[in-house]
Amino acid sequence: MDDRIARIEVMLDEAGPDAVELVRELLDLYGEGLARVMSVLEEEQAARLAADESVAPLLLLHDLHPVDVRARVEAAIGGSAEVLAVEDDLVRLRVRPAGCRSSSEAATSALREAVRAAAPEIEHVDIEVERGETPLIPVESLAVRSGPRAP
């Protein structure tokens, strides 16, 4: 699907104004038809249709997706992060660090990909890494003991 969209965008860049207007009119026509289809579907049917990888982008294009952005993002990330905000083309998340820094970077990258897959209209994903309390190690436990302590 992404290849087709990219190809269409290249063709539109090279097309004249009449061709661009024709594409707009066709999109409007198909959008109206798709809106009528969605209006007669029951909630479960609409959700199944929206889950289809070829249909979902078309529903999003025409602002007809039955599941709102926040719900799609929350489903995509599961419990791995907290959704702080969904505003226009921005999603802000908060995660708790787990493991080393490189695994944390991989996790945030995976979160960004999951959000973009579930909500392609989102252009920016800000991830706040929650800073918990750093456990303190008592200084006396760091001293090396070579034998029994003298009284």
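This is a predicted model: local features need pLDDT of at least 70, side-chain atom pairs count only at pLDDT 80 or more; totals for chains, interfaces and linings use all residues.
## Overall fold

The chain contains 6 helices and 3 strands. Read from the N terminus, these elements follow the order α-α-α-α-α-β-β-α-β.

Of the 151 residues in the chain, 19% count as buried. Contacts between residues at least 6 apart in sequence were also sorted by separation: 50% of them join residues at least 24 apart.

## Nonpolar cores

The largest nonpolar core consists of 13 residues. Within this core, the residues with the most contacts are Val73, Ile77, Leu93, Leu111 and Val115. Two or more core residues come from each of α5 (69-77), β2 (90-95), α6 and β3 (124-129). The biggest contribution is that of β2, which gives 3 residues.

Isoleucine 77 illustrates the packing in this region. Leaving aside residues up to four places away in sequence, isoleucine 77 touches Val83, Leu93, Leu111 and Val115.

## The largest pocket

The volume of the largest pocket is about 1,200 Å³. Its lining is made up of 32 residues, and those nearest the pocket centre are Met1, Ile5, Pro57, Leu58 and Leu61. By residue class, the lining divides into 22 nonpolar, 8 charged and 2 polar residues.

At least two lining residues are supplied by each of α1 (2-14), α2 (17-40), α3 (43-51), α4 (56-61) and α6 (101-118). The largest share belongs to α1, with 8 residues.

## Arginine 72

Arginine 72 sits in helix α5. This arginine counts as buried because its relative accessibility is 9%, and the limit for that class is under 20%. The side chain of arginine 72 forms a polar contact with the side chain of glutamate 121, at 2.6 Å.

Not counting residues up to four places away in sequence, arginine 72 touches Leu60, His65, Val67, Ala118, Ala119, Pro120 and Glu121.

## Threonine 108

Threonine 108 is located in helix α6. With a relative accessible area of 13%, threonine 108 falls under 20% and so is buried. A polar atom of the threonine 108 side chain lies 2.9 Å from the backbone oxygen of glutamate 105.

When residues up to four places away in sequence are left out, threonine 108 touches Val95 and Ile127. Val95 falls within the range of β2 (90-95), and Ile127 within that of β3 (124-129).

## Tyrosine 30

Tyrosine 30 belongs to helix α2. Its relative accessible area is 56%, which is over 50%, so tyrosine 30 is classed as exposed.

The C-alpha atom of tyrosine 30 is separated by 9.0 Å from that of histidine 62. Along the chain, tyrosine 30 and histidine 62 are 32 residues apart.

Key: Residues are numbered from 1 along each chain as its sequence is written. Side-chain values use heavy atoms; hydrogens and water are left out. On a 1 Å grid over the protein atoms alone, a cavity is a set of points where a 1.4 Å probe fits but cannot get out, and a pocket is an open set with protein on both sides within 12 Å along at least five of seven lines; lining residues have an atom within 4 Å of a point. Grid points are joined across faces, edges and corners, and a volume is the space filled by probe spheres set on the points. Helices (H or I, at least four residues) and strands (E, at least two) are DSSP runs, numbered from the N terminus. Ala, Val, Leu, Ile, Met, Phe, Trp, Tyr, Cys and Pro count as nonpolar, Asp, Glu, Lys and Arg as charged, and the others, Gly among them, as polar. Buried means under 20% relative accessible area, exposed over 50%, partly exposed in between (1.4 Å probe, protein chains only). A polar contact is a pair of N or O atoms within 3.5 Å; within protein, one must be able to donate a hydrogen and the other to accept it, and residues adjacent in sequence count only if both atoms are side-chain atoms. Contact means heavy atoms within 4.5 Å. A nonpolar core is a set of buried Ala, Val, Leu, Ile, Met, Phe, Trp, Tyr and Cys residues joined through side-chain atoms within 4.5 Å.
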